[in-house]
Amino acid sequence: MQRFFSRMPLAGRLILDTGMLIATIALIDPHASGLSVHEWVGIVLGAVLFVHITLNWQWVVAVTKKMFASLPRETRINQILNGLLFIFMAVAVGSGIAISEEALPSLGILTSGSRVWMNVHGLSANASLILIGAHVAMNWQWVMRTVRRIAGKTVRKNPSLRPAQARGGITVNLPTGA
Amino acid sequence: MTAFMRWIAPPFVILAAAIVVFAVTSIGATGSLPRGSISQARLTSEIAPATGVRISGQAPIARTGNANANATAGAIARPGPSGRGNLSQSSSGIMVLVTLLTKSALVIGVPGLATYLAYVFFLQRRDERPVLA
């Protein structure tokens with residue numbers, strides 16, 4: 001298993017991340033996509049979030065160990081952004097499940113559907129969207145380097161490193177997928 | 001780092017963290033942990049035991065053992081909390097795409113662009129070397 005994931009190519013990670021972004025965009029407007037699609041995509045996105053974090057687990061461990069230590073400003077901002085994003089997404093997915101009107105009831109599970117949870121879901125989802133924009137922006141240079149590498153163009157820096165790691169951040173041995 | 005610690009444990013740690021976050025939010029928002037229940041149509045005809053709320057204004061559904069019919073009846077009878085029932089009817093065509101792209105540009109693109117500009121102009125330092133963990 002370790003060999004499989006450690007050899008997961010950068011293209012695979014990029015496709016996974018891109019898929020998450022597309023799914024997030026699809027979730028923005030439940031009126032447009034339909035409630036059933038909205039709920040199922042949200043549930044799947046919650047599951048894929050686990051894969052996304054697991055793939056970047058070494059970075060999570062590295063920055064968590066240095067939570068109270070001195071860190072470069074960029075890494076600290078990334079740490080805070082990612083922490084907030086995880087919290088808001090966990091709440092958004094959880095509250096979405098709590099107010100599910102189609103997905104869970106179709107499985108025979110009734111949910112609370114209270115207005116409190118609807119408000120929590122709206123707030124956490126909107127906060128998540130804003131933070132996702134910031135998250136993508138903070139990792140945008142990694143995205144571009146990876147795209148260039150996949151396209152066969154030379155890159156100046158190791159494309160396996162996220163921006164925070166490549167410049168003043170914590171360096172961990174992420175698989176290059178080579 | 002062993003394979004267990006690298007690939008098996010993280011999902012459980014993430015799940016535990018997510019549960020803790022959600023539980024804390026639930027207690028903060030509602031004063032209690034969230035509770036779900038098995039479809040009441042499968043258990044009883046009219047009253048949801050967990051909440052004591054009547055889930056249908058219709059006559060009680062007889063327990064005939066027809067699980068599919070009862071489940072369907074329960075799903076239909078379940079009231080939408082805020083009239084979201086109309087969300088089940090999705091739009092179609094180019095308007096969906098336009099709507100999604102416009103909204104995503106506003107709620108994801110604008111904060112992302114602002115963050116990227118701040119990142120490039122205020123955070124990026126090309127002369128910094130990576131700090132080893």
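Start by selecting helix α4 of chain B, residues 94-123, in this predicted model. Look for B:Ala105, where a kink of about 40 degrees is centred. Now colour the buried residues of α4(B): B:Val96, B:Leu100, B:Ser104, B:Ile108, B:Pro111, B:Gly112, B:Thr115, B:Tyr119 and B:Leu123.

Next, move over to chain A and pick A:Gly42, which sits in helix α4 of that chain. Is A:Gly42 buried or exposed? With a relative accessible area of 15%, A:Gly42 falls under the 20% cut-off, so it counts as buried. Show its surroundings: beyond its neighbours within four places in sequence, A:Gly42 touches A:Leu27 and A:Val93. Then draw a C-alpha to C-alpha distance from A:Gly42 to A:Thr24; they are 18 residues apart in sequence, and the distance in space is 8.0 Å.

Your next stop is the largest pocket, which holds about 1,000 Å³ of space. To find its centre, select A:His52, A:Ile53, A:Asn82, A:Leu85 and A:His135, the nearest to it of the 36 lining residues. Which helix gives the largest share of the lining? That is α6(A), with seven residues. Chain B takes part too: its α1 (3-30) is among the helices that each supply at least two lining residues. Colour the lining by class and you will see 22 nonpolar, 12 polar and two charged residues.

Finish by colouring chain A by pLDDT, where the average is 84 and 81% of the residues score at least 70. Residues 173-178 of chain A stay under 50, though the model gives them 20 contacts beyond four places in sequence. Where pLDDT is low, the predicted coordinates are not to be read in detail.

Definitions and conventions:
Residues numbered from 1 in each chain as written. Chains lettered and ligands numbered in written order. Predicted model: local features only at pLDDT ≥ 70, side-chain atom pairs only at ≥ 80, totals over all residues. Heavy atoms only, no water. 1 Å grid on protein atoms, 1.4 Å probe; cavity = no way out; pocket = protein on both sides within 12 Å on 5 of 7 lines; lining within 4 Å. Points joined across faces, edges and corners; volume = space filled by probe spheres on them. Helix = DSSP H or I, 4+ residues; strand = E, 2+ residues; numbered from the N terminus. Nonpolar A, V, L, I, M, F, W, Y, C, P; charged D, E, K, R; others polar. pLDDT = per-residue confidence, 0-100. Contact = heavy atoms within 4.5 Å. Bend = angle between axes of the 7 residues up to and from the residue. Buried < 20%, exposed > 50% of the residue type's maximum accessible area, 1.4 Å probe, protein only.
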